[in-house]
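Please look over the sequence and the model shown here before reading on. The report that follows begins with the terms it relies on and then moves through the chain part by part.

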Amino acid sequence: MMDTYDPALAERVWRRVRNAAPPPAEDGELLPLMAEAWSAASACLQLARRLGPGPGETLRRIAREEQSAAACLRGLCLLQTGNRPELRTPPPAQEPVEAALRRRYTGCLRAAREYEKRTEDPQSGPIFAALAQQEWDHCHRLLELLGSVPLQGK
């Protein structure tokens, strides 16, 4: 059986296998995404307190989903690198509600596009596709809030 082993053929096969799979993500690739998701959750919770029950519930839901996204990214980091980075809550910015909602909207756009860039990865692509879709949904809900909530004086 060992007589039929062709080292050149084996090397070509292994070269194809190694080139087909992208290298695992580095901590540095996932850390900004985790930090953005965690920061988004914090900002949404702060806005929820300022806007009250109706719009606040929408923002609390977005915050929970952003916390989940950050945890998911942290889990991916652990699987790919063996490291579990610590997530720190940034101090919330003090700005008018409309400006904060606009900032969250552009943050969601940026996150959706960053996640979409990673959807071709054979191992985590579907996860990034789901995260991207969630961010597009956040964009939709934030635009609804911007278009329907009276923001003056808040």
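## Terms and basis

A residue is called buried when its relative accessible area is under 20%, exposed when it is over 50%, and partly exposed in between, as judged with a 1.4 Å probe and protein chains only. This is a predicted model, in which local features need pLDDT of at least 70 and side-chain atom pairs count only at pLDDT 80 or more, while totals for chains, interfaces and linings use all residues. Residues are numbered from 1 along each chain as its sequence is written, and side-chain values use heavy atoms, with hydrogens and water left out.

## The chain as a whole

The protein chain holds five helices and zero strands, where helices (H or I, at least four residues) and strands (E, at least two) are DSSP runs numbered from the N terminus. Of the 154 residues in the protein chain, 34% are buried. When contacts (heavy atoms within 4.5 Å) between residues at least 6 apart in sequence are considered, 74% of them join residues at least 24 apart.

L45 has its place in helix α2, which covers residues 27-51, and because its relative accessible area is 29%, L45 counts as partly exposed. Leaving aside neighbours within four places in sequence, L45 is in contact with R60, A63 and Q67. L45 and G56 are eleven residues apart in sequence, and their C-alpha atoms are 8.1 Å apart in space.

H138 belongs to helix α5, residues 125-148, and is buried because its relative accessible area is 0%. Not counting residues up to four places away in sequence, H138 touches I62, E65, E66 and C108.

## Helix α4

Helix α4 (residues 97-117) has 21 residues and reaches 30 Å from its first C-alpha to its last, close to the 30 Å expected at 1.5 Å a residue; the expected span is 1.5 Å times one less than the number of residues. The buried residues of α4 include V97, R104, C108 and Y115.

## The second largest pocket

The lining of the second largest pocket consists of 15 residues, of which S39, A43, A93, E95 and R103 lie nearest its centre. A pocket here is an open set of points, on a 1 Å grid over the protein atoms alone, where a 1.4 Å probe fits, with protein on both sides within 12 Å along at least five of seven lines, and lining residues have an atom within 4 Å of a point. Helices α2 and α4 each supply at least two residues of this lining, and the largest share, seven residues, comes from α2.
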